[in-house]
Amino acid sequence: MIPLFAFPAVLVPILYALLGGVGGFVVAAIIGALLPSNAYHIAIFGSKGAGKSTLWEQLQGIFADENYRPTVGIENVNQFTINYDGKEKVIAKSKDFGGGDDVVKYYGEVITEGTFIYYLINLTSLEEFKRETRARIKAIGKIIEEKKLKNKVGLRLVATNYKEFLKNNPGKDINYARAKLISVVGLKDVKDVEIEETVMVAELTDKQDIRQFFEQIVK
């Protein structure tokens, strides 16, 4: 897994191919993401059922269980502190966005200088939401362009619900899950580039998998 702020040059043509003309702005925004203040700004987006609220809860130490309640509309996320491996990181207040199309126009409210964006994609509904995913990533790129945030934000795709996905695909492993997402979202046509590291795979109710986020954030 690549470090949170390290952006391999080989990924530039990949995101450009995925996002079209807007892709250049997203790519430029990812490169060299730096945080200008003590509070770390996070934005979490994705389709319905991808695990956005669950990830917010896990980051706050509210470990999710079977009592899942989907977010409707937009809810506030208060500032909180992550303490992990002897390190501390203050997470700035943000918003928990539901998965409906009606909230996309408000994404810009949490995309500011220094924001790191996690875009969650549910592996069990790849086909259902592939067009929506592409459209929303393009919308993020447009926000970055309009707010002149090139080189000032970051982005990572997160493949969620991989255990259920693998259960429905016996004999397959996480590498297959990652490759499937890359293919369905539209990265399969990019040639001669190692692209597996563009996608982070995480089961958001698994404490071990959540460590990936903590390790990246406090680094």
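Biologist: In which sense do strand β7 and strand β8 pair?

Modeller: Helices (H or I, at least four residues) and strands (E, at least two) are DSSP runs, numbered from the N terminus. Two strands pair if DSSP finds at least two bridges between them. Here, β7 (residues 116-122) and β8 (residues 154-160) are joined in the parallel sense by seven bridges. For example, I117 has L155 in β8 as its bridge partner.

Biologist: What kind of model is this, and how are residues numbered?

Modeller: This is a predicted model, in which local features need pLDDT of at least 70 and side-chain atom pairs count only at pLDDT 80 or more, while totals for chains, interfaces and linings use all residues. Residues are numbered from 1 along each chain as its sequence is written, and side-chain values use heavy atoms, with hydrogens and water left out.

Biologist: In what order do the four strands of the open sheet with parallel pairing stand?

Modeller: The order is β2-β7-β8-β9. The edges are held by β2 (42-46) and β9 (199-201), each with a single partner strand, so one side of each has no neighbour in the sheet. On average, neighbouring strands are turned by 30° against each other, direction ignored.

Biologist: Which strands does helix α4 touch?

Modeller: Contact means heavy atoms within 4.5 Å. Axes are lines fitted to C-alpha atoms, for helices over the stretch in contact, and angles run from 0 to 180 degrees between N-to-C directions. Helix α4 (residues 126-146) packs on this sheet and touches β2, β7 and β8, with its direction at about 165° to that of β7. Helix α7 lies across β2, β7, β8 and β9, at about 130° to β9.

Biologist: What is the order of the open sheet of three strands?

Modeller: That sheet has the order β1-β5-β4, with mixed pairing. Within it, β4 and β5 (residues 87-91) run antiparallel and are joined by five bridges. Helix α7 (residues 207-218) packs on this sheet too, touching β1, β4 and β5.

Biologist: Which residues of α7 are buried?

Modeller: Buried means under 20% relative accessible area, exposed over 50%, and partly exposed in between (1.4 Å probe, protein chains only). In α7 the buried residues are D209, I210, Q212, F213, F214, Q216, I217 and V218. For the protein chain, buried residues make up 50% of the 219 residues.
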